[in-house]
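I opened this entry to record what I looked up in the model. The notes follow the order of the look-ups.

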Amino acid sequence: MIIDTHAHVVPKSLIDALRSERRLFPSVRLDAEGAAPRMRFADRAPGRPIQPRLHDLAQRRDWLKEAQVDHQLVGGWTDVYGYELPGEEGADWARFYNEHMRQDAAALPLLSALATVPLQDGARAARVLDEALDAGFKGAMIATQPKGVGGNLDDPSLDPFWEVASARQAAIFLHPHYICSDDRLDGYDLINAVGRLTDTTIAVARLLFSGHLTRFPGVSLVLSHAGGALPYALGRLKRNQVIHADYANPEEGFRRLYFDTVMFEPRALRFLCDVAGADKIMLGSDFPFGIGDPDPCGIVDATPLTAAEHAAILGENAARIFHVECGCGAAAGE
């Protein structure tokens with residue numbers, strides 16, 4: 001079974017509910033003017049338009065068939081995670097989002113949902129994750145900046161979340177924010193081209209040097225966009241620890257990481273296999289965005305791999321880490 005581990009959904013039922021009941025969340029505003037709605041959180045500027053492909057299940061089903069993908073793990077869209085909301089409202093928003101994600105996944109059996117959690121509040125994020133896993137979610141997708149713009153994943157206030165994730169042996173898919181806080185990224189769509197890679201690299205480097213991934217060993221942390229620069233900077237990270245002996249050994253944490261294949265270069269995928277191991281890599285598309293991979297299986301097929309490596313990356317690793325049963329959902333080609 002071929003499994004895509006990196007895709008996004010903003011459920012149409014969620015948008016419809018906000019349209020019909022505008023007072024549902026005091027700090028959430030839906031701007032429905034124009035071709036695509038936008039959301040505003042806690043009086044901040046409206047976010048990017050929510051394109052129809054984020055919630056059109058028929059288009060998604062057709063794309064899965066064309067891409068020859070049998071099953072897709074879908075997380076939310078980091079633009080609308082609502083990390084800017086106060087803790088209690090943020091937890092309510094995450095539960096609301098999860099309920100609509102569950103409905104979408106039920107409507108298209110080719111999908112399995114990843115939960116959203118209120119990462120701005122570690123204790124509440126822990127409770128929402130526990131509830132979501134009990135409800136059958138395959139893990140969670142979180143963003144790199146737990147305050148919406150800013151914040152660190154190794155902040156001690158988030159320890160309750162990591163403790164539950166470790167105890168439940170949860171798969172956590174880490175995705176960068178769109179806002180990367182560097183004015184040099186304003187041109188050439190550099191936010192998508194390199195900004196997101198930098199964001200992931202910084203966030204996870206902190207987890208490595210803080211020892212988080214060895215403190216919470218039950219977590220399977222999957223990095224989007226092939227881990228940004230981390231696989232290629234591992235030697236430099238190790239050197240940094242040599243000259244700062246009080247830092248955790250980054251290689252120990254690195255060995256616990258998983259990576260998707262959204263990198264577009266077969267030579268880079270071969271290098272990632274050599275550095276991290278093919279048992280730590282799984283297919284990703286970043287559907288439905290233009291910067292995503294329209295042919296996610298293509299890079300795997302074009303990379304010099306053994307038959308075992310090929311099968312592991314296309315689906316076996318994801319089935320193991322996200323607990324996706326091989327019989328789940330109909331094949332995309334049916």
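I began with T201, which I found in helix α6, residues 190–210. Helices (H or I, at least four residues) and strands (E, at least two) are DSSP runs, numbered from the N terminus. T201 counts as buried, at 17% relative accessibility; buried means under 20% relative accessible area, exposed over 50%, and partly exposed in between (1.4 Å probe, protein chains only). I noted that a polar atom of the T201 side chain lies 2.7 Å from the backbone oxygen of L197. Neighbours within four places in sequence left aside, T201 is in contact (heavy atoms within 4.5 Å) with G227, G228, A229 and L230.

I then recorded the basis of the model. It is predicted, with local features needing pLDDT of at least 70 and side-chain atom pairs counted only at pLDDT 80 or more, while totals for chains, interfaces and linings use all residues. Residues are numbered from 1 along each chain as its sequence is written, and side-chain values use heavy atoms, with hydrogens and water left out.

I checked pLDDT, the predictor's confidence in each residue, from 0 to 100. The protein has a mean of 94, and 97% of its residues reach 70 or more. Over residues 328–334 pLDDT stays under 50, and the model has 14 contacts beyond four places in sequence for them.

Next I turned to Y83, in the loop between β4 (71–74) and α3 (87–107). Y83 is buried, its relative accessible area being 3%. I found a polar atom of its side chain 3.2 Å from the backbone nitrogen of A143. Beyond four places in sequence, the contacts of Y83 include V117, I142, P146 and H177.

Finally I looked up salt bridges (a side-chain nitrogen of Lys or Arg within 4 Å of a carboxyl oxygen of Asp or Glu). The structure holds 17 of them. I noted D79 with R48, at 2.7 Å, N to O. D79 lies in the loop between β4 and α3 and R48 in the loop between β3 (38–41) and α2 (57–67), so this pair ties together parts 31 residues apart in sequence. R48 is partly exposed, at 22%.

I also listed E131 with R95, whose closest N and O atoms are 2.7 Å apart. This pair links distant parts of the chain, with E131 in helix α4 (residues 122–134) and R95 in helix α3, 36 residues apart.

My last entry is R270 with D274, at 2.8 Å between the closest N and O atoms. The two are separated by about one helical turn because they are 4 residues apart in helix α10 (residues 266–276).

Note on methods. Polar contact = N/O pair within 3.5 Å; in protein donor to acceptor, adjacent residues only side chain to side chain.
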